[in-house]
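Please find below some notes for a colleague who is opening this entry for the first time. They are arranged as numbered points, to be read beside the structure.

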Amino acid sequence: MLLKAEDVFRPGAFPEYTYISRKSAVSDLSYEFRLMQAIKVSGFLTSLVGPSKMGKTILCEKVIGFEKIVEISGADFDEDTDFWQLAAVKAGLSYEGQFSSEKTIPDTNDKYSKKETYSLTKDKIIEHYKNENLVLVIDDFHYAPKVKRMQVAQQLKDAIRRGFKAIVVSLPHRADEAIRQNADLSGRLSLINMESWEVNDLKEIAKVGFEKLNMTIDEDVAMQIAVESLSSPQLMQYICLNICTILEMSDNNNHKIEPNILETAYRYTTANFEYGDVVSLMRKGPNTRGKVRNKFRAKDGREYDLYELIVKSIAESPPIMKLTFENVKERIFRLLIDDCKKPTQQSMKESLAKLQELLDGREDIFKVLDWKEGVLYILDPLFLFYLRWGGKRNV
Ligand SMILES: Nc1ncnc2c1ncn2[C@@H]1O[C@H](COP(=O)(O)OP(=O)(O)OP(=O)(O)O)[C@@H](O)[C@H]1O
Ligand SMILES: [Mg+2]
(Lines give C-alpha, C1' and ligand atoms only; values in the text may rest on other atoms or scores of the structure.)
(Ligands and ions follow the chains in the order given, each with its own letter.)
Protein backbone atom coordinates (compact mmCIF):
# COMPACT_ATOMS: atom_id res chain seq x y z
CA MET A 1 0.00 0.00 0.00
CA LEU A 2 1.30 3.44 -0.92
CA LEU A 3 1.25 5.68 2.11
CA LYS A 4 0.30 9.33 1.97
CA ALA A 5 2.43 12.01 3.61
CA GLU A 6 -0.43 12.98 5.93
CA ASP A 7 -0.67 9.39 7.19
CA VAL A 8 3.04 9.25 7.92
CA PHE A 9 3.68 12.69 9.44
CA ARG A 10 0.97 13.52 11.95
CA PRO A 11 1.58 16.67 14.01
CA GLY A 12 -1.83 16.51 15.66
CA ALA A 13 -2.56 12.83 16.10
CA PHE A 14 -1.10 9.43 16.90
CA PRO A 15 1.91 8.94 14.60
CA GLU A 16 1.41 5.30 13.71
CA TYR A 17 4.26 5.20 11.16
CA THR A 18 6.67 7.64 12.78
CA TYR A 19 6.37 6.75 16.44
CA ILE A 20 9.82 6.99 18.03
CA SER A 21 10.67 5.31 21.28
CA ARG A 22 12.97 7.33 23.56
CA LYS A 23 15.00 6.46 26.59
CA SER A 24 14.43 8.44 29.74
CA ALA A 25 17.64 10.19 30.76
CA VAL A 26 17.60 9.09 34.38
CA SER A 27 17.06 5.38 34.07
CA ASP A 28 18.23 4.38 30.58
CA LEU A 29 14.89 2.60 30.20
CA SER A 30 12.42 3.52 27.48
CA TYR A 31 9.41 5.61 28.48
CA GLU A 32 7.16 2.84 27.18
CA PHE A 33 8.77 0.34 29.52
CA ARG A 34 8.56 2.68 32.47
CA LEU A 35 4.89 3.42 31.91
CA MET A 36 4.04 -0.25 31.40
CA GLN A 37 5.96 -1.12 34.55
CA ALA A 38 4.11 1.57 36.49
CA ILE A 39 0.69 0.43 35.29
CA LYS A 40 1.43 -3.12 36.38
CA VAL A 41 2.00 -2.17 40.01
CA SER A 42 -1.30 -2.79 41.63
CA GLY A 43 -2.43 -0.25 44.19
CA PHE A 44 -0.32 2.59 42.79
CA LEU A 45 -1.36 5.71 40.93
CA THR A 46 0.88 6.82 38.04
CA SER A 47 1.76 10.49 37.71
CA LEU A 48 3.17 11.46 34.30
CA VAL A 49 4.58 14.97 34.13
CA GLY A 50 6.32 16.73 31.26
CA PRO A 51 6.46 19.97 29.28
CA SER A 52 3.78 20.79 26.75
CA LYS A 53 3.71 18.84 23.48
CA MET A 54 6.46 16.40 24.41
CA GLY A 55 4.33 13.32 23.74
CA LYS A 56 2.65 12.55 27.07
CA THR A 57 -0.74 11.71 25.58
CA ILE A 58 0.81 9.79 22.69
CA LEU A 59 2.87 7.72 25.15
CA CYS A 60 -0.24 6.69 27.08
CA GLU A 61 -2.04 5.78 23.86
CA LYS A 62 0.94 3.75 22.65
CA VAL A 63 1.41 1.79 25.85
CA ILE A 64 -2.22 1.19 26.80
CA GLY A 65 -3.63 0.92 23.26
CA PHE A 66 -6.84 2.45 21.96
CA GLU A 67 -8.88 -0.59 23.03
CA LYS A 68 -8.07 -0.27 26.69
CA ILE A 69 -7.51 3.41 27.25
CA VAL A 70 -10.25 5.63 28.65
CA GLU A 71 -9.22 9.25 28.22
CA ILE A 72 -10.71 12.11 30.17
CA SER A 73 -9.35 15.63 30.37
CA GLY A 74 -9.04 18.02 33.28
CA ALA A 75 -11.03 20.37 31.05
CA ASP A 76 -14.01 17.97 31.27
CA PHE A 77 -14.44 18.93 34.92
CA ASP A 78 -16.26 21.82 36.40
CA GLU A 79 -16.88 22.13 40.09
CA ASP A 80 -20.06 20.05 39.94
CA THR A 81 -18.83 17.21 37.75
CA ASP A 82 -19.22 13.80 39.31
CA PHE A 83 -15.95 11.95 38.81
CA TRP A 84 -17.47 8.48 38.69
CA GLN A 85 -20.21 9.51 36.36
CA LEU A 86 -17.59 10.86 33.95
CA ALA A 87 -15.45 7.74 34.31
CA ALA A 88 -18.52 5.58 33.55
CA VAL A 89 -19.72 7.56 30.56
CA LYS A 90 -16.27 7.70 28.97
CA ALA A 91 -15.97 3.93 29.37
CA GLY A 92 -19.23 3.54 27.46
CA LEU A 93 -21.37 2.67 30.48
CA SER A 94 -24.70 4.35 30.96
CA TYR A 95 -24.46 5.79 34.39
CA GLU A 96 -28.09 6.56 34.90
CA GLY A 97 -31.06 5.11 33.09
CA GLN A 98 -34.55 3.76 33.23
CA PHE A 99 -35.83 0.28 32.67
CA SER A 100 -39.35 -1.07 32.56
CA SER A 101 -40.27 -4.17 34.42
CA GLU A 102 -43.51 -6.05 34.25
CA LYS A 103 -45.16 -6.74 37.54
CA THR A 104 -48.19 -8.86 38.34
CA ILE A 105 -50.72 -7.88 40.96
CA PRO A 106 -51.06 -11.05 43.08
CA ASP A 107 -54.83 -11.00 43.73
CA THR A 108 -56.08 -10.18 40.29
CA ASN A 109 -53.22 -11.49 38.17
CA ASP A 110 -53.33 -8.18 36.30
CA LYS A 111 -50.02 -7.16 34.78
CA TYR A 112 -48.67 -3.68 34.75
CA SER A 113 -45.35 -2.23 33.73
CA LYS A 114 -43.33 -0.15 36.07
CA LYS A 115 -40.56 2.26 35.18
CA GLU A 116 -37.58 2.18 37.47
CA THR A 117 -34.50 4.34 37.44
CA TYR A 118 -31.02 3.21 38.36
CA SER A 119 -27.58 4.74 38.64
CA LEU A 120 -24.37 2.79 38.64
CA THR A 121 -22.48 2.59 41.86
CA LYS A 122 -18.81 3.42 42.15
CA ASP A 123 -18.14 -0.27 42.95
CA LYS A 124 -19.78 -1.40 39.72
CA ILE A 125 -17.71 1.07 37.72
CA ILE A 126 -14.47 -0.05 39.33
CA GLU A 127 -15.45 -3.69 38.66
CA HIS A 128 -16.08 -2.88 35.02
CA TYR A 129 -12.67 -1.24 34.61
CA LYS A 130 -11.00 -4.22 36.24
CA ASN A 131 -12.87 -6.86 34.26
CA GLU A 132 -12.15 -5.14 30.97
CA ASN A 133 -8.54 -4.25 31.89
CA LEU A 134 -9.25 -0.60 31.25
CA VAL A 135 -6.85 2.17 32.27
CA LEU A 136 -8.18 5.63 33.02
CA VAL A 137 -5.97 8.48 31.81
CA ILE A 138 -6.80 11.85 33.31
CA ASP A 139 -5.04 14.08 30.82
CA ASP A 140 -4.17 17.77 31.35
CA PHE A 141 -5.20 17.41 34.97
CA HIS A 142 -4.11 21.02 35.66
CA TYR A 143 -7.17 22.22 33.71
CA ALA A 144 -9.54 20.88 36.37
CA PRO A 145 -10.60 23.40 39.04
CA LYS A 146 -8.40 23.24 42.12
CA VAL A 147 -11.07 21.97 44.52
CA LYS A 148 -12.05 19.33 42.01
CA ARG A 149 -8.46 18.13 41.74
CA MET A 150 -8.37 17.43 45.47
CA GLN A 151 -11.69 15.56 45.31
CA VAL A 152 -10.53 13.47 42.37
CA ALA A 153 -7.30 12.61 44.18
CA GLN A 154 -9.37 11.43 47.14
CA GLN A 155 -11.51 9.21 44.93
CA LEU A 156 -8.46 7.82 43.17
CA LYS A 157 -6.75 7.00 46.43
CA ASP A 158 -9.57 4.73 47.42
CA ALA A 159 -10.07 3.24 43.95
CA ILE A 160 -6.43 2.32 43.23
CA ARG A 161 -6.31 0.35 46.44
CA ARG A 162 -9.01 -1.81 44.95
CA GLY A 163 -7.04 -2.45 41.75
CA PHE A 164 -8.41 0.41 39.64
CA LYS A 165 -5.73 1.61 37.19
CA ALA A 166 -5.25 5.30 36.52
CA ILE A 167 -2.65 7.72 35.16
CA VAL A 168 -2.72 11.42 35.91
CA VAL A 169 -1.00 13.59 33.29
CA SER A 170 0.00 17.20 33.86
CA LEU A 171 2.49 19.95 33.11
CA PRO A 172 5.48 20.41 35.46
CA HIS A 173 4.70 22.25 38.71
CA ARG A 174 1.01 22.44 37.90
CA ALA A 175 -1.59 20.51 39.86
CA ASP A 176 1.17 19.07 42.07
CA GLU A 177 -0.61 19.76 45.33
CA ALA A 178 -3.35 17.24 44.55
CA ILE A 179 -1.11 14.38 43.46
CA ARG A 180 2.63 14.62 44.03
CA GLN A 181 2.48 16.66 47.21
CA ASN A 182 -0.58 14.96 48.61
CA ALA A 183 0.42 13.18 51.81
CA ASP A 184 -2.49 10.78 51.40
CA LEU A 185 -0.96 9.44 48.22
CA SER A 186 2.64 9.27 49.35
CA GLY A 187 4.05 5.77 49.00
CA ARG A 188 1.36 5.00 46.45
CA LEU A 189 2.70 6.90 43.46
CA SER A 190 4.73 5.86 40.43
CA LEU A 191 6.39 9.00 39.12
CA ILE A 192 7.43 9.45 35.52
CA ASN A 193 9.02 12.72 34.40
CA MET A 194 9.16 13.19 30.68
CA GLU A 195 12.15 15.18 29.43
CA SER A 196 12.40 17.41 26.37
CA TRP A 197 13.42 15.77 23.11
CA GLU A 198 17.06 15.57 22.02
CA VAL A 199 17.97 16.29 18.39
CA ASN A 200 19.07 12.69 17.80
CA ASP A 201 15.60 11.37 18.65
CA LEU A 202 13.87 14.11 16.66
CA LYS A 203 16.00 13.31 13.64
CA GLU A 204 14.63 9.77 13.64
CA ILE A 205 11.12 11.06 12.91
CA ALA A 206 12.33 12.45 9.56
CA LYS A 207 14.47 9.43 8.73
CA VAL A 208 11.79 6.85 9.50
CA GLY A 209 8.99 8.87 7.89
CA PHE A 210 10.68 9.70 4.60
CA GLU A 211 11.79 6.10 4.26
CA LYS A 212 8.16 4.99 4.61
CA LEU A 213 7.36 7.36 1.74
CA ASN A 214 10.17 5.91 -0.39
CA MET A 215 12.17 9.10 -0.09
CA THR A 216 15.64 9.68 1.27
CA ILE A 217 17.03 12.35 3.50
CA ASP A 218 20.68 12.82 4.36
CA GLU A 219 21.71 12.65 7.99
CA ASP A 220 22.81 16.29 8.11
CA VAL A 221 19.57 17.58 6.51
CA ALA A 222 17.49 15.61 9.04
CA MET A 223 19.74 17.09 11.71
CA GLN A 224 19.11 20.66 10.53
CA ILE A 225 15.35 20.15 10.79
CA ALA A 226 15.77 18.57 14.22
CA VAL A 227 17.71 21.60 15.50
CA GLU A 228 15.06 23.95 14.13
CA SER A 229 12.31 21.87 15.80
CA LEU A 230 13.51 23.05 19.21
CA SER A 231 12.87 19.87 21.18
CA SER A 232 9.32 19.56 19.82
CA PRO A 233 8.34 16.30 18.06
CA GLN A 234 5.20 18.06 16.94
CA LEU A 235 7.17 20.74 15.12
CA MET A 236 9.33 18.05 13.53
CA GLN A 237 6.24 16.24 12.24
CA TYR A 238 4.81 19.53 11.01
CA ILE A 239 7.92 20.59 9.08
CA CYS A 240 8.32 17.15 7.47
CA LEU A 241 4.68 17.17 6.40
CA ASN A 242 5.11 20.61 4.87
CA ILE A 243 8.19 19.49 2.95
CA CYS A 244 6.01 16.77 1.40
CA THR A 245 3.22 19.22 0.60
CA ILE A 246 5.61 21.64 -1.09
CA LEU A 247 7.10 18.82 -3.18
CA GLU A 248 3.64 17.55 -4.15
CA MET A 249 2.39 21.00 -5.14
CA SER A 250 5.44 21.65 -7.27
CA ASP A 251 5.17 18.26 -9.03
CA ASN A 252 8.67 17.57 -7.90
CA ASN A 253 9.45 13.90 -8.43
CA ASN A 254 12.77 14.05 -6.71
CA HIS A 255 12.94 11.32 -4.09
CA LYS A 256 15.66 13.02 -2.13
CA ILE A 257 15.07 15.87 0.31
CA GLU A 258 17.42 18.67 -0.72
CA PRO A 259 18.48 21.27 1.86
CA ASN A 260 17.31 24.17 -0.33
CA ILE A 261 13.68 23.34 0.43
CA LEU A 262 14.05 23.74 4.20
CA GLU A 263 13.64 27.52 4.53
CA THR A 264 10.44 27.51 2.51
CA ALA A 265 9.12 24.62 4.60
CA TYR A 266 9.93 26.49 7.84
CA ARG A 267 8.16 29.61 6.63
CA TYR A 268 5.09 27.69 5.49
CA THR A 269 4.97 25.91 8.83
CA THR A 270 4.59 29.18 10.72
CA ALA A 271 1.44 30.02 8.73
CA ASN A 272 -0.69 28.18 11.29
CA PHE A 273 0.81 29.77 14.37
CA GLU A 274 -0.84 32.77 15.97
CA TYR A 275 1.97 34.65 17.65
CA GLY A 276 1.68 37.88 15.64
CA ASP A 277 0.18 39.81 18.58
CA VAL A 278 2.73 38.43 21.03
CA VAL A 279 5.64 39.51 18.86
CA SER A 280 4.30 43.00 18.21
CA LEU A 281 3.58 43.51 21.91
CA MET A 282 7.14 42.50 22.76
CA ARG A 283 8.62 44.75 20.08
CA LYS A 284 6.62 47.71 21.33
CA GLY A 285 7.49 47.11 24.97
CA PRO A 286 5.71 48.93 27.82
CA ASN A 287 4.06 52.29 27.34
CA THR A 288 6.71 55.04 27.34
CA ARG A 289 4.19 57.78 28.32
CA GLY A 290 5.39 60.06 25.56
CA LYS A 291 9.13 59.59 26.14
CA VAL A 292 11.21 58.69 23.12
CA ARG A 293 13.32 55.55 23.42
CA ASN A 294 17.01 55.44 22.54
CA LYS A 295 17.70 53.89 19.17
CA PHE A 296 20.75 51.85 18.24
CA ARG A 297 22.28 51.40 14.80
CA ALA A 298 22.34 47.85 13.50
CA LYS A 299 24.46 46.19 10.83
CA ASP A 300 21.39 45.80 8.60
CA GLY A 301 21.37 49.60 8.20
CA ARG A 302 18.30 50.17 10.39
CA GLU A 303 17.82 51.56 13.87
CA TYR A 304 16.16 49.64 16.69
CA ASP A 305 15.20 50.39 20.27
CA LEU A 306 16.14 48.00 23.07
CA TYR A 307 12.88 46.01 23.00
CA GLU A 308 13.18 45.42 19.29
CA LEU A 309 16.79 44.35 19.81
CA ILE A 310 15.85 41.86 22.53
CA VAL A 311 13.26 40.27 20.25
CA LYS A 312 15.77 40.12 17.41
CA SER A 313 18.42 38.62 19.65
CA ILE A 314 16.11 35.80 20.75
CA ALA A 315 15.47 34.95 17.09
CA GLU A 316 19.19 34.72 16.21
CA SER A 317 20.95 31.47 15.33
CA PRO A 318 21.48 28.96 16.77
CA PRO A 319 17.95 28.63 18.14
CA ILE A 320 18.23 28.22 21.93
CA MET A 321 15.48 27.85 24.51
CA LYS A 322 17.68 28.91 27.42
CA LEU A 323 19.79 32.06 27.03
CA THR A 324 22.05 33.41 29.74
CA PHE A 325 22.22 37.19 30.12
CA GLU A 326 25.69 37.04 28.53
CA ASN A 327 24.18 35.24 25.51
CA VAL A 328 21.52 37.93 25.11
CA LYS A 329 24.05 40.73 25.49
CA GLU A 330 26.49 39.15 23.07
CA ARG A 331 23.72 38.60 20.50
CA ILE A 332 22.56 42.21 20.80
CA PHE A 333 26.10 43.54 20.40
CA ARG A 334 26.59 41.30 17.38
CA LEU A 335 23.53 42.86 15.74
CA LEU A 336 24.85 46.41 16.20
CA ILE A 337 27.52 48.16 14.16
CA ASP A 338 30.86 48.05 15.90
CA ASP A 339 31.54 51.67 16.78
CA CYS A 340 28.09 52.79 17.83
CA LYS A 341 26.68 53.50 21.27
CA LYS A 342 25.64 50.24 22.99
CA PRO A 343 22.85 49.72 25.52
CA THR A 344 24.06 49.37 29.12
CA GLN A 345 23.87 46.08 31.03
CA GLN A 346 21.48 47.63 33.49
CA SER A 347 19.10 48.88 30.82
CA MET A 348 19.09 45.48 29.19
CA LYS A 349 18.25 43.74 32.47
CA GLU A 350 15.54 46.26 33.23
CA SER A 351 13.97 45.82 29.83
CA LEU A 352 13.99 42.04 30.17
CA ALA A 353 12.22 42.32 33.53
CA LYS A 354 9.67 44.75 32.10
CA LEU A 355 9.08 42.52 29.12
CA GLN A 356 8.30 39.60 31.40
CA GLU A 357 5.92 41.76 33.43
CA LEU A 358 4.18 42.90 30.28
CA LEU A 359 3.57 39.36 29.08
CA ASP A 360 2.68 37.88 32.46
CA GLY A 361 -0.62 39.63 32.95
CA ARG A 362 -2.09 38.31 29.71
CA GLU A 363 -3.67 35.21 28.21
CA ASP A 364 -1.78 31.91 28.10
CA ILE A 365 -0.50 32.38 24.55
CA PHE A 366 1.53 35.39 25.79
CA LYS A 367 3.36 33.30 28.41
CA VAL A 368 6.28 32.61 26.12
CA LEU A 369 9.25 33.53 28.29
CA ASP A 370 10.56 33.54 31.79
CA TRP A 371 13.38 35.90 32.87
CA LYS A 372 14.70 34.39 36.07
CA GLU A 373 17.98 34.74 37.95
CA GLY A 374 19.92 36.02 34.97
CA VAL A 375 18.59 33.44 32.52
CA LEU A 376 16.03 33.94 29.79
CA TYR A 377 13.96 30.79 29.29
CA ILE A 378 11.85 30.49 26.16
CA LEU A 379 8.89 28.48 27.36
CA ASP A 380 7.17 27.75 24.10
CA PRO A 381 9.13 26.16 21.22
CA LEU A 382 6.46 27.10 18.68
CA PHE A 383 6.88 30.75 19.63
CA LEU A 384 10.63 30.69 19.07
CA PHE A 385 10.13 28.93 15.78
CA TYR A 386 7.62 31.61 14.76
CA LEU A 387 10.02 34.33 15.76
CA ARG A 388 12.71 32.85 13.54
CA TRP A 389 10.58 32.07 10.49
CA GLY A 390 7.26 33.92 10.82
CA GLY A 391 6.10 36.43 8.21
CA LYS A 392 6.73 39.52 10.32
CA ARG A 393 10.27 38.55 11.16
CA ASN A 394 11.93 41.51 9.52
CA VAL A 395 9.37 44.18 10.40
N1 LIG B 1 6.99 9.20 20.44
C2 LIG B 1 6.69 10.04 19.44
N3 LIG B 1 7.18 9.81 18.21
C4 LIG B 1 6.90 10.65 17.19
N5 LIG B 1 6.14 11.75 17.30
C6 LIG B 1 5.62 12.04 18.52
C7 LIG B 1 5.88 11.20 19.64
N8 LIG B 1 5.28 11.74 20.72
C9 LIG B 1 4.66 12.86 20.29
N10 LIG B 1 4.86 13.04 18.97
C11 LIG B 1 4.31 14.17 18.16
O12 LIG B 1 4.05 15.27 19.01
C13 LIG B 1 2.66 15.60 19.01
C14 LIG B 1 2.24 16.05 20.41
O15 LIG B 1 2.25 14.95 21.30
P16 LIG B 1 1.24 14.87 22.54
O17 LIG B 1 -0.10 15.41 22.16
O18 LIG B 1 1.30 13.49 23.08
O19 LIG B 1 1.95 15.88 23.55
P20 LIG B 1 1.52 16.21 25.03
O21 LIG B 1 2.76 16.15 25.86
O22 LIG B 1 0.37 15.35 25.45
O23 LIG B 1 1.06 17.74 24.87
P24 LIG B 1 0.06 18.61 25.82
O25 LIG B 1 0.86 19.01 27.01
O26 LIG B 1 -0.32 19.78 24.97
O27 LIG B 1 -1.10 17.73 26.17
C28 LIG B 1 1.96 14.35 18.51
O29 LIG B 1 0.72 14.64 17.88
C30 LIG B 1 2.98 13.79 17.53
O31 LIG B 1 2.89 14.44 16.28
MG1 LIG C 1 -1.58 15.83 25.96
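1. Asn 133 sits in the loop between α5 (122-131) and β5, and in this predicted model its phi is near 55°, a positive value in a residue other than glycine. With a relative accessible area of 54%, Asn 133 counts as exposed, because the cut-off for that word is over 50%.

2. A second residue to look at in the same way is Arg 289, which is not a glycine and yet has a positive phi of about 50°. Arg 289 belongs to the loop between α11 and β10 (296-297), and it is exposed, its relative accessible area being 74%.

3. Helix α11 itself covers residues 276-284 and contains Ser 280. A polar atom of the Ser 280 side chain lies 3.4 Å from the backbone oxygen of Asp 277, while the C-alpha atom of Ser 280 is separated by 9.3 Å from that of Glu 308, a residue 28 positions away along the chain.

4. The peptide bond joining Ser 317 and Pro 318 is cis, with an omega of about -5°. Pro 318 is placed in the loop between α12 (306-315) and β12 (322-324).

5. Turning to the sheet, five strands form an open arrangement in the order β2-β5-β6-β1-β7, with parallel pairing. The edges are taken by β2 (69-73) and β7 (189-193), each of which has a single partner strand, so one side of each is left without a neighbour in the sheet. From one strand to the next, the twist averages 20°.

6. Within that sheet, strand β1 (residues 45-49) runs parallel to β7 and is joined to it by five bridges; Leu 48, for instance, has Ile 192 in β7 as its bridge partner. Helix α2 (residues 31-40) packs on the sheet, where it touches β1, β5 (135-139), β6 (166-170) and β7, and the direction of α2 makes about 170° with that of β7.

7. As for the overall division, the domain assignment gives domain 1 as 5-11 + 197-270, domain 2 as 31-97 + 112-193 and domain 3 as 276-389. The C-alpha centres of domain 1 and domain 2 are 36 Å apart.

Methods: Residues numbered from 1 in each chain as written. Chains lettered and ligands numbered in written order. Predicted model: local features only at pLDDT ≥ 70, side-chain atom pairs only at ≥ 80, totals over all residues. Heavy atoms only, no water. Helix = DSSP H or I, 4+ residues; strand = E, 2+ residues; numbered from the N terminus. Polar contact = N/O pair within 3.5 Å; in protein donor to acceptor, adjacent residues only side chain to side chain. Pairing = 2+ DSSP bridges. Axes fitted to C-alpha atoms, helices over the stretch in contact; angles between N-to-C directions. Contact = heavy atoms within 4.5 Å. Domains from an automatic or database assignment. Buried < 20%, exposed > 50% of the residue type's maximum accessible area, 1.4 Å probe, protein only.
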